Amino acid sequence: MRAVVQKVLKSSVSVDNKVVGSINKGFNVLIGIGIEDTLEDLKYIKDKIINLRVFEDENSKMNLSLKDVEGELLLVSQFTLYGDCRKGRRPNFMNALGGEKAKKLFDEFVNMCKEECIKVDTGIFGAHMDVSIINDGPVTILLDSKKVF
């Protein structure tokens with residue numbers, strides 16, 4: 001599982017010019033699910049996101065987590081995070097999980113995050129989405145459950 005975590009002041013996602021999810025201070029997270037991902041991968045990424053210490057404390061040091069600041073999550077499915085561009089000019093998506101299997105794991109991930117008692121909003125799985133982000137910092141972190149990077 002891969003995630004692009006962006007610390008935001010606010011973020012929203014729209015489908016057909018209608019806002020379907022929005023948050024204030026927290027993380028906009030683009031989520032990619034791979035063909036080998038299991039529930040353990042989901043748990044690993046969820047724990048990393050919830051406990052990632054990138055919010056400033058009273059000394060302006062990045063020392064606080066999403067839970068510490070009562071932040072919010074906007075989770076957006078992003079198939080293209082598994083695009084392999086090492087050969088040629090067209091990304092290869094052979095390692096991306098698609099369809100109903102990916103939707104099931106994405107929905108499970110959303111539920112795991114909601115169990116952390118924080119506000120969680122989402123886009124619409126598989127839809128063409130417009131994502132608006134007001135990045136804070138900017139702070140952008142890449143996560144991979146297989147620890148590829």
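Reader: Which residues does Asp-57 touch, leaving aside residues up to four places away in sequence?

Author: In this predicted model, Asp-57 touches Asn-63 and Leu-64. Asp-57 itself is placed in the loop between strand E4 (55-56) and strand E5 (62-64). With Asn-63 there is also a side-chain polar contact of 3.4 Å.

Reader: How many salt bridges are found in the whole structure?

Author: The search returns twelve. One of them joins Lys-7 to Asp-136, with 3.8 Å between the closest N and O atoms. Lys-7 belongs to strand E1 (residues 2-15) and Asp-136 to strand E8 (residues 130-144), so this bridge ties together parts that lie 129 residues apart in sequence.

Reader: Are Lys-7 and Asp-136 buried or partly exposed?

Author: Lys-7 counts as buried, at 1% relative accessibility. Asp-136 has a relative accessible area of 21% and is partly exposed. The reason for the label is that buried means under 20%.

Reader: Where in the chain do Lys-146 and Asp-41 lie?

Author: These two residues form a salt bridge, and their closest N and O atoms are 2.9 Å apart. Lys-146 lies in the segment after E8, whereas Asp-41 is in helix H1 (residues 39-51), so parts 105 residues apart in sequence are tied together. Lys-146 is partly exposed at 39% relative accessibility, while Asp-41 is buried at 7%.

Reader: How far apart are the closest N and O atoms of Glu-72 and Lys-119?

Author: Their separation is 3.9 Å, and the two residues form a salt bridge. Glu-72 is in strand E6 (residues 72-77) and Lys-119 in the loop between helix H2 (99-114) and strand E7 (120-122), so the pair ties together parts that are 47 residues apart in sequence. Glu-72 is buried, with a relative accessible area of 17%, and Lys-119 is partly exposed at 38%.

Reader: Which residues are linked in a network of salt bridges?

Author: Lys-46, Asp-47, Lys-67 and Glu-116 are linked in this way.

Reader: How many aromatic pairs does the structure hold?

Author: There are three. In one of them, Phe-27 and Phe-55 are tilted, with 5.1 Å from centre to centre and 35 degrees between the planes. This pair links distant parts of the chain, Phe-27 being in strand E3 (residues 26-32) and Phe-55 in strand E4, 28 residues apart. Phe-27 is buried, with a relative accessible area of 1%, and Phe-55 is buried at 2%.

Reader: Why is the pair of Phe-106 and Phe-125 called tilted?

Author: Planes under 30 degrees apart count as stacked and those over 60 as edge-to-face, with the rest tilted. The planes of Phe-106 and Phe-125 stand at 45 degrees, with ring centres 5.9 Å apart, so the pair is tilted. Phe-106 lies in helix H2 and Phe-125 in the loop between E7 and E8, 19 residues apart. Phe-106 counts as buried at 3% relative accessibility, but Phe-125 is partly exposed at 27%.

Conventions. Residues numbered from 1 in each chain as written. Predicted model: local features only at pLDDT ≥ 70, side-chain atom pairs only at ≥ 80, totals over all residues. Heavy atoms only, no water. Salt bridge = Lys/Arg side-chain N within 4 Å of Asp/Glu carboxyl O. Helix = DSSP H or I, 4+ residues; strand = E, 2+ residues; numbered from the N terminus. Buried < 20%, exposed > 50% of the residue type's maximum accessible area, 1.4 Å probe, protein only. Polar contact = N/O pair within 3.5 Å; in protein donor to acceptor, adjacent residues only side chain to side chain. Contact = heavy atoms within 4.5 Å. Phe/Tyr/Trp six-rings, centres within 6.5 Å; stacked < 30°, edge-to-face > 60°.
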